[in-house]
Amino acid sequence: MKCLFPRIIWFLCALLVLTACASGQSVPTSAPRATSQQTARPSAVTTAIRPATPAAGRLYSDAKLGFQLTIPQSWQAQAQPGSQSSPDAAAVTFTNNESSSRAVIVIGVFHGATMPATFAARGTPTTHLGSYPAFVADRLPGEGRAPCLVRLFLAHTDYVVADWCSPTALSYRTQFESVLATYQAAPATFVHGKLALPAVQTCAGMQQELGYTRAPWGQQLATPVAAGWRQAGAGIFVCSNDGSPDWYLFQCTELINRFLYERWALPHLPGNAARYYDYYQDGVLHPGVIHQFPASSYQLSDDASQGHSAWRPVAGDILIFQDVNSPRLGWKSGLVNDPGHVALIVGVDNAFVYLAQENYSDSQYFLALPIQHLANGYQITDRSGWPQRIVRGWIHFTANGGPLPTN
């Protein structure tokens, strides 16, 4: 069964990722302080003098990378340095309490000397945020569970990905951009050390963060130390939205984004699961939202049924499913008829690829799918029971052990 659309008006709530996926069965803060063990982060760029904090706002300073933004007084901040991230990646979540929608703003930062060239390879920027060149990559209604404002911009050697997802997000464009325009990269003298990690987010904690406090909602399926996490090691909480009378929080994409965020401090991938990977619609190829990340931060591999698979998946990769496979028209993704599905790979052996997933089944949140090594690469067999569902491919993040060798 597909993920169902909400049955009440959109302004009642806002999701952390606010995205959709197809299910296999029916389914009804401030930044941490640095320690005294500090090391200087090299930088060839000296940033401009920071503007004074407006009376209506307050200054957020990231303890890991040293960037700063002026945010409204009502916003709450929770930094995320990542439990296994590189020293040059950090993220932060801002919860906007100005309205009942509980909008959540997520900012992810990639720092490094190669980031200006990486950003330039995207082409000509379409806008500016203050003095920073920027791209607009909004997710509109129909492309996800709710619309998302998405901005990519370059601040000296910081490549920044920011999104604001809520049913009313599009009406906050001016405020979103004005906050991002206050961004200041760290000065050359900035130092950082080992940072304390925030607590692993529980299912109940996610519900509370997003304003679901009036009644019990959803349930916990697995803990971070469950045996099903296999080669992935310590995982995260797996949650269910079964029985929810309201907006569905724990979509398949929610698990993926929470894992990437908590483990590697990566920004979110807003939109339906079908849009994560490069996809076809009516014979036209459209780039997936993964291309919002710096090109050096990920690798893409098709399933062998799509003609080419450069490398065997590993734990930590994300597996993309698509729901249309028409021999007459050529392969197409399910952008119109279905939002797709995505799962986290937690282990691989010679016979199976092992998955963790949400919004598929409350009994198959850990699942094994057959994998074969064919002449044209690795092929994974879908077992969802959908006659037109296939495995589209998988995405590897270089934060997860670096780039993988090709066959």
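Which residue is the bridge partner of Leu 355 in E22? It is Leu 367.

A word on the source. This is a predicted model, so to speak: local features need pLDDT of at least 70, side-chain atom pairs count only at pLDDT 80 or more, and totals for chains, interfaces and linings use all residues. Residues are numbered from 1 along each chain as its sequence is written, and side-chain values use heavy atoms, with hydrogens and water left out.

Now the sheet. Seven strands form an open sheet, ordered E4-E5-E6-E10-E9-E8-E7, with antiparallel pairing. Strands here are DSSP runs of E, at least two residues; helices are runs of H or I, at least four; both are numbered from the N terminus. Two strands pair if DSSP finds at least two bridges between them. At the edges sit strand E4 (75–80) and strand E7 (127–129), each pairing on one side only. From one strand to the next, the twist averages 25°.

Look at one pair in that sheet. Strand E5 (residues 89–96) runs antiparallel to strand E6 (residues 104–111), with seven bridges. Phe 94 stands opposite Ile 105 in E6.

Next, the helices. Helix H2 (residues 173–180) packs on the sheet. H2 touches E4, E6, E7, strand E9 (148–155) and strand E10 (158–165), where contact means heavy atoms within 4.5 Å. The direction of H2 makes about 20° with that of E9. Helix H4 (residues 252–264) lies across E4, E5 and E6, at about 125° to E5. For these angles, axes are lines fitted to C-alpha atoms, for helices over the stretch in contact, and values run from 0 to 180 degrees between N-to-C directions.

On to charges. A salt bridge is a side-chain nitrogen of Lys or Arg within 4 Å of a carboxyl oxygen of Asp or Glu. By this rule there are five salt bridges. Start with Arg 151 and Asp 138, at 2.5 Å, N to O. Arg 151 is in strand E9, and Asp 138 is in the loop between strand E8 (132–136) and E9, 13 residues apart. Arg 151 also meets Glu 177, at 2.9 Å, N to O. Glu 177 is in helix H2, so this pair ties strand E9 to parts 26 residues apart in sequence.

How exposed are they? Buried means under 20% relative accessible area, exposed over 50%, partly exposed in between, with a 1.4 Å probe and protein chains only. Arg 151 is buried at 1%. Glu 177 is partly exposed at 22%.

Glu 254 is buried at 1%, and Arg 258 is buried at 2%. Back to the shared partners: Asp 138, Arg 151 and Glu 177 are joined into one network.

Last stop, Asp 303. It lies in the loop between strand E16 (298–302) and strand E17 (318–322). Asp 303 is buried yet has no salt bridge. The nearest side chain of opposite charge, Arg 392, is 8.6 Å away. The backbone nitrogen of Ile 380 lies 2.8 Å from a polar atom of the Asp 303 side chain.

E22 (residues 366–374) is joined to strand E21 (residues 352–356) by five bridges, antiparallel. E22 and strand E23 (residues 377–380) form a hairpin with two residues between them.

Technical notes
Lys, Arg positive; Asp, Glu negative; His and termini not counted. Polar contact = N/O pair within 3.5 Å; in protein donor to acceptor, adjacent residues only side chain to side chain.
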